[in-house]
Amino acid sequence: MYLKMAKRVVLETDKRLLGKFILNFGWRGMQSVRKFKKRLQKGEYFPAFLYISIINSCNLRCQGCWVDVASKQEKIDVDAMNRMIDEAKEVGNRFFGILGGEPFMHKELLPILRAHPECYFQVFTNGQLITDSIAAELKDIGNTTPLVSVEGSEIISNERRRGKNVYQRTMAGLQNCLKHKLLTGVCTSLCQTNIDDLLCEEWIDRLIEMGVMYTWYHTYRPVGPDANEQLSLTPEQQLKIRKFVVEMRVKKPIAIIDAYYDHDGKALCPAATGISHHISPWGGIEPCPIIQFSKESIHDHSKPLKERMEESVYLKDFRETAAGATRGCIVLERPDLLKEVIERHGAADGTARGTAMKELEAMVPRPSQYNKAEQIPEKSFVYRIAKKLYFNDFGAYRDLDSK
Ligand code: SF4
């Protein structure tokens, strides 16, 4: 498999874009994790990866979306984005996740990407607004990977995303990315209506055939004003995903990302470990995208971003409470504990709808990625090494594991 992957990288990629990826994401990304680990040793928590929702607006209306996409448009403007990215660069960060809403609805997205040539950006998008000229400009900028979300077959895509020709329009955007040889990924939020169609070798082979270089299986989170709990996965299905991903990593010439397991297959929450936190379209500094409560904001310039995040007792309490309760997702497994953390610090509801607390109170605890009885270690030595060094629990679960 590794030779086939190497062959794809050599034959299918644009070498300038590959070079940017290796330097900005690969080498500089590793440095930023090393600096994160050094900060941890001093008890300083500033995440190596910021996930930034730059706009709330979107052209789709997906089931289970928590982002107030139909509310009055709110976006982080160019100056605020550049200031935040510059401050994060001062502590060594070079990788940023860009989310929405739909990021390509932000008219200044491309100038923001272009303003930071030494960084690498992963843009989470439904792909529908990526025209040929936008894909060409992304190629020219060179430091961005589009991660295009495909949520099912044509019928399921229309149903899941409440639109017409959703699948075709997403595929058109994806093809524009591939035509310009952008390092392109495809992600799916696996749920009851798409798991059989998309968690299979045929779909992986299809992605490889199209020229997609990596894929990411998220698991559906029943949160927000339109939670659609019936779409949630069972523990058996979540285990099936884990086993499938581990198998495909040694079998298929495509990279497969996950953010929920270390090299030994032990579950983790990236927000609880502190390696990543989220910035909302309103500038709130949140533990993760689905925890829409904050105490600090990027728009408060009384202190540098680093200090505001490191001194946040709310984020500290969140990390310790989450890591003390489960290796899985506190939102799903212990919404009661999360509510206590939010109330303890008087964290503000960061949504336009203002109903996030009511939604949290209505949540019924359910299983997440943590399956104590079944931990599936990585089979691939590449993923074992990469995770062992650069993506694990960073010691966050010492107390929990010792119980
Ligand atoms: S709290 Fe849940 S959704 Fe948020 S990062 Fe952790 S595991 Fe993921």
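Predicted model: local features only at pLDDT ≥ 70, side-chain atom pairs only at ≥ 80, totals over all residues.
Residues are numbered from 1 along each chain as its sequence is written. Local features need pLDDT of at least 70, side-chain atom pairs count only at pLDDT 80 or more, totals for chains, interfaces and linings use all residues, and side-chain values use heavy atoms, with hydrogens and water left out.

**Exercise 1. Follow Leu50 to its partners on S2 and S8.**

Step 1. S1 pairs with S2 in the parallel sense over four bridges, and Leu50 has Phe96 as its bridge partner in S2.

Step 2. S1 also pairs with S8 in the parallel sense over four bridges; there, Leu50 stands opposite His277.

Step 3. Move on to S9 (residues 284–286), which pairs with S8 in the antiparallel sense over two bridges. His278 has Glu286 as its bridge partner in S9.

Step 4. Finish at the turn: S8 and S9 form a hairpin with four residues between them, and Gly283 in that turn has a positive phi of about 90°.

**Exercise 2. Are the residues of S2 buried or exposed?**

Step 1. Buried means under 20% relative accessible area, exposed over 50%, and partly exposed in between (1.4 Å probe, protein chains only).

Step 2. Five of the five residues of S2 are buried, so this strand is largely enclosed by the rest of the structure.

Step 3. Sort them by direction: Phe95, Gly97 and Leu99 point one way, while Phe96 and Ile98 point the other way.

Step 4. Compare with S8 (residues 276–279), where both faces are covered: Ser276 and His278 lie on one side, His277 and Ile279 on the other, and all are buried.

**Exercise 3. Find the largest nonpolar core and explore Ile52.**

Step 1. A nonpolar core is a set of buried Ala, Val, Leu, Ile, Met, Phe, Trp, Tyr and Cys residues joined through side-chain atoms within 4.5 Å.

Step 2. The largest one has 86 residues, and those with the most contacts inside it include Leu50, Ile52 and Ile291.

Step 3. Contact means heavy atoms within 4.5 Å. Setting aside neighbours within four places in sequence, Ile52 is in contact with several residues, among them Met81, Phe96 and Ile279.

Step 4. A second, separate core has 27 residues, including Leu178 and Phe244.

**Exercise 4. Which residues are around the ligand?**

Step 1. A residue is near a molecule if one of its heavy atoms lies within 4 Å of it.

Step 2. The residues around the ligand are Arg221, Tyr260, Cys269, Ala271, Cys288, Ile290, Ile291, Cys329, Val331 and Gln369.

Step 3. Gln369 is also one of the residues that Gln238 touches. Gln238 belongs to helix H10 (residues 235–251) and is buried, with a relative accessible area of 8%.

Terms used: Pairing = 2+ DSSP bridges.
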